Amino acid sequence: MTRISIIGLYTTFILNEAIHPKGTPFPDNLKVTYKDNTYFCPVKDKQKENPNAVCRFCIAKQTE
């Protein structure tokens, strides 16, 4: 297990936070947001097929 995976598991299951902090910038001026006790990520669904992405561990939901 890589350090990134361990950090992702800790952040998600211990801290109950998204792996990328609120405000993390992504291309096209998109950011991770937090509203009503829920994290939203603009790229989560785009990473579903990426075996190296830690998104599968993250509690964030896809931004609508």
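Visitor: What makes Tyr 39 buried or exposed?

Guide: Tyr 39 has a relative accessible area of 15%. Buried means under 20% relative accessible area, exposed means over 50%, and partly exposed lies in between, with a 1.4 Å probe and protein chains only. Tyr 39 therefore counts as buried. Before we go on, please note that this is a predicted model, in which local features need pLDDT of at least 70 and side-chain atom pairs count only at pLDDT 80 or more, while totals for chains, interfaces and linings use all residues. Residues are numbered from 1 along each chain as its sequence is written, and side-chain values use heavy atoms, with hydrogens and water left out.

Visitor: Which class does Tyr 34 fall into, and why?

Guide: Tyr 34 has a relative accessible area of 39%, so Tyr 34 is partly exposed.

Visitor: Why is the pair of Tyr 34 and Tyr 39 called tilted?

Guide: A pair of aromatic rings is described by the distance of the centres and the angle of the planes. Rings of Phe, Tyr and Trp (its six-membered ring) pair if their centres lie within 6.5 Å; planes under 30 degrees apart count as stacked, over 60 as edge-to-face and the rest as tilted. The structure holds one aromatic pair. In that pair, the ring centres of Tyr 34 and Tyr 39 are 4.4 Å apart and the planes stand at 50°, so the pair is tilted.

Visitor: How many helices and strands are there in the protein chain?

Guide: The protein chain has one helix and five strands. Read from the N terminus, the order of elements is α-β-β-β-β-β. Helices (H or I, at least four residues) and strands (E, at least two) are DSSP runs, numbered from the N terminus.

Visitor: What makes S3 and S5 edge strands?

Guide: Two strands pair if DSSP finds at least two bridges between them. The open sheet has three strands in the order S3-S4-S5, with mixed pairing. Strand S3 (33–35) and strand S5 (61–62) each have a single partner strand, so one side of each has no neighbour in the sheet.

Visitor: How do the strands run where S3 meets S4?

Guide: S3 and S4 run antiparallel and are joined by three bridges. Thr 33, for example, stands opposite Phe 40 in S4. S3 and S4 also form a hairpin with two residues between them, and Asp 36 in the turn has a positive phi of about 55°.

Visitor: And how many bridges join S4 to S5?

Guide: Two bridges join strand S4 (residues 38–41) to S5, and these strands run parallel. Phe 40 has Lys 61 as its bridge partner in S5, while Cys 41 is partnered by Gln 62 there.

Visitor: How many disulfides does the structure have?

Guide: The search of the whole structure finds zero disulfides. Cys 41 is in none, as the nearest cysteine sulfur, that of Cys 55, is 5.8 Å away. A disulfide is a pair of cysteine sulfur atoms within 2.5 Å. For Cys 58, the closest cysteine sulfur is in Cys 41 at 6.5 Å, too far for a bond. Cys 41 has 7% relative accessibility and so counts as buried; Cys 58, at 13%, is also buried.

Visitor: What makes the contact of Lys 48 and Asp 45 a salt bridge?

Guide: Side chains of opposite charge can pair when their charged atoms come close. A salt bridge is a side-chain nitrogen of Lys or Arg within 4 Å of a carboxyl oxygen of Asp or Glu. For Lys 48 and Asp 45 the N to O distance is 3.9 Å, and their side chains meet in a salt bridge. The structure holds one salt bridge. Lys 48 is exposed, with a relative accessible area of 61%, and Asp 45 is partly exposed, at 40%.

Visitor: Where is Asp 28 found?

Guide: Asp 28 is in the loop between strand S1 (25–26) and strand S2 (30–31). Phi of Asp 28 is near 65°, a positive value in a residue other than glycine. At 72% relative accessibility, Asp 28 counts as exposed.
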